[in-house]
Every structure is written in C-alpha cells, then in structure tokens.
Amino acid sequence: MFEKILIANRGEIALRVARACRELGIRTVAVYSVADRDSAVVRLADEAVCIGPPEGRLSYRNAAAIVEAARRTGAQAVHPGYGFLSEDADFAEICADNGLVFIGPPPEVMLALGDKARARALMREAGLPLPAGSLATVGTAAQARRVADEIGYPVIVKCAAGGGGRGMTVVRSADEFDTAYERTRITAQAVFGDDRVYVERYLVHARHVEVQVLCDGYGNGVHLGTRDCSVQRRHQKLVEEGPAPALSAGTLDALAESALRGALRAGYTGAGTFEFLVDEAERFSFIEVNCRIQVEHPVTEMITGVDLVHEQLHIAAGVPLRLRQSDVRLSGVAVECRVNVEDPDRGFAPTPGRLTRFVPPSGPFTRVDTHGYPGYLVGPYYDSLLAKVVVWAPDRDLALGRMERALHEFDVDGPGVRTTIPFLRRVLDDPGFRKGRYSTGLVDRLLGSADSPADRDQARCAAPSRTANLPRRTR
C-alpha cells in the first residue's frame, strides 16, 4: 500500500479521499488554490501545497504544478477525484513519466473510452446494446443526414470528444438537421479541439441508469448494482438513488452484467461507471463510461457496504480485487440529494457568499459529504456543490421519508446565499417520482416551459469544457 498520496482536487471529494487515506494509514498531501486556502481539506491533510491562483486552469488543472507538488512532498500516487484532471489521459501519462501512480484506469483505456465514438465501437464488439445511429463519426452533413433519415427523428448529434452532458444537439426534424450538425461540429472544435461528431436516435422519456464496476489489473471485476440518475437539469444530476426503482430484476441483472462485460473487454482498472438509457419497455442501450469515482458513489456504498475509495486505493497499489461477485450483497435503498449553492427561482443561478449558518442534518442512516462549515466562503470560481445528503432505509418509502426529514433539518444561511433544497423537496413531492415512474424529463416538467429542450440543448453546446485549456501532449 502507498505511504503518501497527493489529492489533486478540492471540495467534498478531496475530504472524502483524505478520510479514506487516514483510515488506511496513508499520509496525504492536499493541493489548493489561493481561493481555497481556508478549505477543510487543507486543515485535515497531513501536508498542503498552494498550487496557484483561483482560476482552475492555473491551479487544479495545472498538471505541471500538481506533479511538482507531488514530487516535492514525496507522494507516491495521485488521486484525481472527479472533474478537473480525473479523466485526462495526458495527465495520467505525465504522472507515470514522473514515477507517480495515477489512481484510475490506464491512459490507453481512458483514451479509448473517453472518445465516445471509439467507446461505442468497443462496446458494440463486447455485445452491449447501442442506440440506433452511426457506427463511427460522420464527416459531412449529407452523410449524417442520411443516418438521421434512416433511423428516424428525433436524433441527437454528439461530439465524439464530449463529456459531462456537453456537446450535444437534439434535432427534431430533417429541416433542422444541417444547421444543427454544423453548429455541433463548430462547437466541438471550439470547446474540445476535435470537430468529429456522430448521430444517434434520441430517446424521449428515457431513464438514465448507471452501473458501478470495480476491476483490478489482473482481469478480475465485479459490478455493484445500479443507480438511477434521471433527475437532471441540463445534464447535471440533482437526485440519485439505488437500486434503480420500478425496473424488473431481470433488467437490473442484465444492465449490471452488460456493464461488467464491457469493462473487462476494455481492460478497465479501478472504479468506473457505465451509463445507459432505459426506455419505457425496459430496453436499454449503452451511452458512455465515466472513468473515475463519481459524485454519487455514496449511493452504492450505502447499499453494498463497500468503500469505493478504499478499493480504488488497493487496486492502484497493485492489490488483486478483494471482492468476488458473490461477496457483493445489495441491501435496502439509498437516495442522494445534491445541495448546490444556487437559486432555483432565478434559473439555478449560483449564489456565492459566506455561510453564517451551516447545520447539516444527522440522525439514523444519514450521511452528509460536505466541505462546508460556519464561516466558510463559497467563492465564485468552482462548481456550486456544497453538500451531498445521502440516506439509507430498508425500503424506498422509508428512504424518501428519511430524505424529507434530512432536508427539513438542513439549515444553511448567509447574505445572498440560496440553495437547491426547496427544489429538491419539490422533486420528492412529485407523484411520479414517488412511484418511481420518472424520466430525464422530470425536472423540465417541474420547471414548466421556461426551460425548453431547445434552450437546454443550446446551453449544452455553449458550456465550456473543463479541460479545454489543458496543454496537450503530442501522441
């Protein structure tokens, strides 16, 4: 096992990793920007190194500064958390070149799975079902339109190098296609530096269901059940639960088996998530792989009792997977709500400010992952996630009741500060959600017509990439 690792991230995930390391007797190095000098992880880590100004591209995405901090402090490995450099194959290679273990899959696996078109082809070879569409990228609008005409509208044009819900355009008729294709391609080049796109059938009223996997470097792997992440606004998840509700046992088993088969086919190592769309007839299709720990990983931890960060660390240290499939027992239901510092009444606009009150919920089977504390200044530089409230119960009704109680207890205040708690309670009150019968359209329905699909699609393409400013290595 490692003696010291560097945590290349911030916020609640940096704390989560630091806590796992302390439990395993691993010393930690926190890196922080000037804006995060008062963050909790700086206080709790064994060492802390300032790596730059508040702007992410100059600090948390600054590979050279992070590697230099690791070398200077004698860290043996780098845990990237999620976001920032967590799925950057170049950064993983730079770590290896400098004698550091990158805690994640090998760079070549990240490259294969990070390119959506390549991932799609790889998963097809593994026998996973795919949405109807082009088998590879399409180079001209005419070629792409022929694919769309063949599979039928609506379709979605996707950037091959996209991720995190960015770089997609829904096209609802042939008349819109050429304009949408060119706009997506131009955006793909501007945001991701890669103008390749492909076309898929767009599934209306689909559910977003994902499967957590763990694989080691010796060809062993397990799946750890499903999570339903359909409650999304602009592809940003708000509520997650596991196991995915209102699906048959056969469908849940088939999803899990498909994900593990795909992971082993790709040579995956570490913790990863396979994402699927599931239609109303429970037909599912693969959409992408997240090559990192995910925000919603506590849902899986609550229903399996498996500490995913512990397992990440053991796998990265070369320890064979400590679980067999028969060791994975799913129990009860877990629900996670993301508490963001945003104002739902103003289009979820960020509301940074200093927290004068911060009293997170507690009580039975209630977990809160957060970096907040009274007096903490929520700055404007990073994402607005303040806390994740996660509850467990033997059944879904009690889990939802427990979440309502937890959100009622959560007391956050500060000048100008608003949170998503009121909107999360609206989700919990929705009759369709209560029955487990909901889709990725739930949030738009609750918001009414103010957030139309067209606006959402445009926003996806306009959003900046977290890695757009990273220096790229020549391959």
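These legends walk through a few close-up views of one predicted model.

Some ground rules: the model is predicted, so local features need pLDDT of at least 70 and side-chain atom pairs count only at pLDDT 80 or more, while totals for chains, interfaces and linings use all residues. Numbering runs from 1 along each chain as its sequence is written, and side-chain values use heavy atoms, with hydrogens and water left out.

View A. P154 sits in the loop between α7 (141–151) and β6 (155–159); helices (H or I, at least four residues) and strands (E, at least two) are DSSP runs, numbered from the N terminus.

**View B. F365, a non-glycine with positive phi.** Its phi is about 55°, and F365 lies in the loop between β18 (357–359) and β19 (366–370). At 47% relative accessibility F365 is partly exposed, the class between buried (under 20% relative accessible area) and exposed (over 50%), using a 1.4 Å probe and protein chains only.

**View C. An open, antiparallel sheet of 8 strands.** The order is β13-β12-β9-β10-β11-β14-β21-β19, where two strands pair if DSSP finds at least two bridges between them. β13 (284–290) and β19 are the edge strands, each pairing on one side only. Inside the sheet, β11 and β14 (residues 333–340) pair over 4 bridges, and G242 stands opposite A334 in β14.
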